[in-house]
Amino acid sequence: MHTWDEIEQHINACTHCPLSQTRHLPVMGRGSHNADIMLIAEAPGSQEDLEGLPFVGRSGKILDELLTDCSLTRVEIYITNILKCHPPGNRDPRDEEKEACFPYLKYETFLLKPKIIVCLGRVAAQRIISPDFKITRQHGTWTHRKDCALTAVYHPSAILRDPSKLELTKADFHEIIRKRDELLHNSAIL
Ligand code: URA
């Protein structure tokens, strides 16, 4: 898998876990292949499963509100999920499903080489940043790995359940923009 098209072809044909039997459409990441910022969530929801695109349902509306608030658009970032197939009933992804799907995320990350990874929610943060990541206490904090800064924010569906998390998460996104600008400034040669 050396190109974006090859990754997508593999995902579309994937039967590595039982979710391939229940999905309607697999959901590959979408956005700019030159993005500095990569958002990683846990798994497609039911609307995403029907359309084959990430964050097109109710959570997607919240995500768009967060992006608009800090002047980001979907075309300048890259959004993907750990699982490319919808878990029935929106249950949490199982460990074996996450591991079966993880190579696709690795290829996406390898090709994109993001400067910033933002985990959306606990499931993504615990798989990508640290297994004991506590989203309530640690959202908005930074970890550095190789040339990438990693952080996590509340998942948009957590904001749907508890709208009081919206302002807090907007503030986290503003901090992500500040971090991006700082990293870009520091990498300028002249
Ligand atoms: N929730 C997710 O975690 N991912 C999506 O793509 C949509 C909803």
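In this predicted model, E6 sits in helix α1, which spans residues 4-13. E6 counts as partly exposed, at 29% relative accessibility. A polar atom of the E6 side chain lies 2.5 Å from the backbone nitrogen of H2. Elsewhere in α1, the buried residues are W4, I7 and I11. Viewed down the axis of α1, these buried residues fall within an arc of 60°, so they line one face of the helix. The buried residues of α1 pack against β3 and α5, while the face turned away from the buried side carries the exposed residues D5, Q9 and A13.

With a relative accessible area of 45%, T22 is partly exposed. Once its neighbours within four places in sequence are set aside, T22 is in contact with H86 and P88. By contrast, T22 and I77 are separated by 55 residues in sequence and by 29 Å in space, C-alpha to C-alpha.

The buried residues of α4 are S59, G60, I62, L63, L66 and L67. Down the axis of α4 these residues fall within an arc of 160°, so here too they line one face of the helix. The cover over the buried residues of α4 includes the strands β2 (37-41), β3 (78-81) and β4 (116-120), together with the helices α8 (156-161) and α9 (165-186). On the face turned away from the buried side, the exposed residues are R58, K61 and T68. After α4 comes S71, which has a positive phi, near 60°.

F55, which is not a glycine, has a positive phi of about 50°. F55 lies in the loop between α3 (46-51) and α4, and its relative accessible area of 6% makes it buried. N90, likewise not a glycine, has a positive phi of about 60°. The loop that holds N90 runs between β3 and α5 (95-112).

Attention now turns to the ligand and its surroundings. The residues around the ligand are A41, E42, A43, P44, G45, E48, P54, F55, N81 and H155. A backbone N or O atom of A43 lies 3.0 Å from a nitrogen atom of the ligand. An N or O atom in the side chain of N81 is 2.8 Å from a nitrogen atom of the ligand. H155 places a polar side-chain atom 2.8 Å from an oxygen atom of the ligand. On its own the ligand has 240 Å² of accessible area, and the protein covers 94% of it.

N81 lies in strand β3 and is buried, with a relative accessible area of 3%. Besides approaching the ligand, the side chain of N81 reaches the backbone nitrogen of E42 at 3.5 Å. Leaving aside neighbours within four places in sequence, N81 is in contact with I40, A41, E42, A43, P44, P54, F55 and L105.

H155 is found in the loop between β6 (148-153) and α8. At a relative accessible area of 11%, H155 is buried, since buried residues are those under 20%. The side chain of H155 reaches the backbone nitrogen of S157 at 2.9 Å. Not counting residues up to four places away in sequence, H155 touches A41, E42, F55, S59, L120 and G121.

Conventions
Residues numbered from 1 in each chain as written. Predicted model: local features only at pLDDT ≥ 70, side-chain atom pairs only at ≥ 80, totals over all residues. Heavy atoms only, no water. Buried < 20%, exposed > 50% of the residue type's maximum accessible area, 1.4 Å probe, protein only. Helix = DSSP H or I, 4+ residues; strand = E, 2+ residues; numbered from the N terminus. Arc of directions from axis to C-beta. Contact = heavy atoms within 4.5 Å. Polar contact = N/O pair within 3.5 Å; in protein donor to acceptor, adjacent residues only side chain to side chain. Near = heavy atom within 4 Å. Areas by Shrake-Rupley, 256 points an atom, 1.4 Å probe, with all protein chains shown as cover.
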